Amino acid sequence: MESTDIQIPCLSSLGDSSYLPCNPPQTSTNKSCPWATSSTVVPVSFADVMSEQLIHSLVEKDEEILKSNQEKESKLELLTDEPDCSSDFLLAQMLQREYDLEQDAELERKEKKFNAGSKVSVSFKNYRRVPQNMISDDESTDDDLDETKQEDTFEIAERQSPIVGKNGISRQGNTITTKHDLVRCARRNAHRLMEFPPGIITGDGGGFDMQLSNHVYNKLKVHSISEGRRSNKLHDKREKSTADQAVDPKTCLILYKLVNREYLESVSGCISRGKEACVFHAFGGQNSEKVIPSECAVKVFKTTLNEFKNRDQYIRDDYRFKERFNKQNSRHVIHMWAEKEMYNLNRMRKAGLLCPEVVVLQKHVLVMSFIGSESKPAPKLKDAKLSISSLSDAYIQTIEIMKRMYKICNLVHADLSEYNLLWHKDQVWVIDVSQSVEPNHPQALEFLMRDCNNVIEFFKKHFLPNIMTAKDLFKEICGISLPGEGAELLSQIQNYEKEEELLAHGKSDKTDSFEILFAKCQQQSNEKKLQKDENPNGKQ
């Protein structure tokens with residue numbers, strides 16, 4: 001078979017021309033295409049075209065090209081479905097676009113509400129962050145989708161009802177409809193009901209022809225307003241006041257600052273909850289300025305006065321806080337309450353009494369040393385299981401604590417009981433001294449008598465022999481002997497405090513002020529009667 005020469009396009013553009021020995025290019029005799037430049041035709045031998053090796057190479061090249069195209073398409077799909085989130089700049093751009101779209105949607109809603117049914121409309125187009133032509137179909141807002149939804153009964157009734165003009169009257173033939181029409185007003189009230197806040201459950205009124213009278217709608221509106229105010233009040237109270245466990249956002253911020261300043265390493269759970277505060281266990285930090293115990297007790301005072309409303313009687317007459325006391329500012333009172341406990345603990349600590357050591361005070365958060373071991377708090381005296389000898393030691397130590405507090409620390413605990421005494425390492429520790437007052441307080445003796453009754457009653461319940469009475473304990477501590485028992489003794493103490501207060505203010509007359517005023521009133525009334533008897537006609 002003779003070989004003949006034919007002309008085919010050169011395949012060197014495929015990247016591998018080893019199998020196609022191309023002859024030198026020749027000038028094409030074809031005319032140039034008016035739309036594109038014609039490719040150069042190179043003559044190739046027919047034997048080279050028919051070789052199997054060339055065919056295999058061409059098939060392999062086609063498969064490689066097809067495979068590369070498929071990989072590019074898959075990469076494009078991945079880019080469109082799940083965009084690359086490794087770049088912070090790209091994430092910032094995506095978030096900014098989402099914010100811009102939300103802002104534009106809000107502007108569009110405001111624009112529709114502002115224009116309503118007015119003939120002259122105002123456009124907020126200049127304030128849009130994303131131009132309208134740059135929003136794709138995937139980013140369509142909910143307002144665009146609402147255009148295709150089915151009309152509810154409110155929209156149908158509004159379209160079918162006659163239009164009432166500015167004069168308030170609509171005429172259709174012989175029928176006259178006013179803006180006070182019962183059916184029209186009832187449907188309008190039902191429509192307004194659907195616009196109540198989310199907290200008011202109204203149901204789907206658009207599914208049927210719902211009508212509400214003015215009386216019912218006004219009642220529901222008043223209820224909605226009152227519920228809104230109540231929810232706002234609860235929300236404000238939840239943020240600004242402490243909750244059940246005494247931790248609100250402000251308290252969390254204070255605890256975070258204590259950890260950040262290395263006063264604390266971490267704060268554990270709640271170990272005690274009372275009427276005035278909650279106590280949390282914490283691990284001490286490594287502060288360079290102060291030596292901090294390995295375990296601490298964080299006392300968070302409650303900023304609400306719901307459970308302990310008579311705090312003011314312990315602060316109002318205390319000379320240390322008398323000038324700063326303001327009953328109207330409850331949070332300021334709590335801060336003074338925490339400050340008072342810090343001062344009392346420091347005074348007791350200097351006198352050698354067993355009580356927690358103050359680490360730091362931040363507003364209403366007091367950090368103290370932890371009484372206990374291995375994150376387990378020491379039991380209260382009421383919960384401790386004591387033998388007769390241990391109970392006798394606890395009694396002697398408690399009496400000694402009360403004496404030293406009154407005579408050395410110049411303090412009356414004012415809330416001493418088995419709930420505020422801890423039993424740790426065979427010793428009695430005193431806690432909760434925020435309400436402690438000085439003996440010159442107007443009610444100090446009353447508080448002392450109450451402490452004596454609480455202590456003696458506790459040891460009596462445990463049948464401890466050879467204990468003194470509350471009256472004897474009161475006399476031994478303060479050195480004041482008054483007659484009577486029980487309520488009579490308490491009355492004598494109150495009278496004694498009144499006399500001492502009068503003497504402290506420089507008044508020697510110890511007569512009750514009520515009796516003085518009553519005598520003056522009687523004298524004035526007698527004088528008026530005498531004047532009337534002398535002038536029966538009322539002449540001066």
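How many bridges join strand β12 to strand β13? In this predicted model, in which local features need pLDDT of at least 70, side-chain atom pairs count only at pLDDT 80 or more, and totals for chains, interfaces and linings use all residues, four bridges connect β12 (residues 421-424) with β13 (residues 427-430), and the two strands run antiparallel. Residues are numbered from 1 along each chain as its sequence is written, and side-chain values use heavy atoms, with hydrogens and water left out.

Strands are DSSP runs of E with at least two residues, helices are runs of H or I with at least four, and both are numbered from the N terminus; two strands pair if DSSP finds at least two bridges between them. Leu 421 has Val 430 of β13 as its bridge partner. Two residues separate β12 and β13, which form a hairpin, and Lys 425 in the turn has a positive phi of about 55 degrees.

Nine salt bridges are found in the whole structure, a salt bridge being a side-chain nitrogen of Lys or Arg within 4 Å of a carboxyl oxygen of Asp or Glu. One of them pairs Lys 299 with Glu 276, with the closest N and O atoms 3.5 Å apart. This pair links distant parts of the chain, 23 residues apart: Lys 299 belongs to strand β7 (residues 295-301), and Glu 276 to the loop between β5 (264-273) and β6 (277-284). Lys 299 is buried because its relative accessible area is 7%, where buried means under 20%, exposed over 50% and partly exposed in between (1.4 Å probe, protein chains only). Glu 276 is likewise buried, at 5%.

A further salt bridge joins Arg 109 to Glu 106, with 2.9 Å between the closest N and O atoms. Both residues lie in helix α3 (residues 88-115), three residues apart, or about one turn of the helix. Arg 109 is partly exposed at 40% relative accessibility, as is Glu 106 at 34%. In the salt bridge between Lys 382 and Asp 383, the closest N and O atoms are 2.8 Å apart. Lys 382 is partly exposed, with a relative accessible area of 34%, and Asp 383 is partly exposed at 45%. Salt bridges with shared partners join Glu 276, Lys 299, Glu 341 and Asp 432 into one network.
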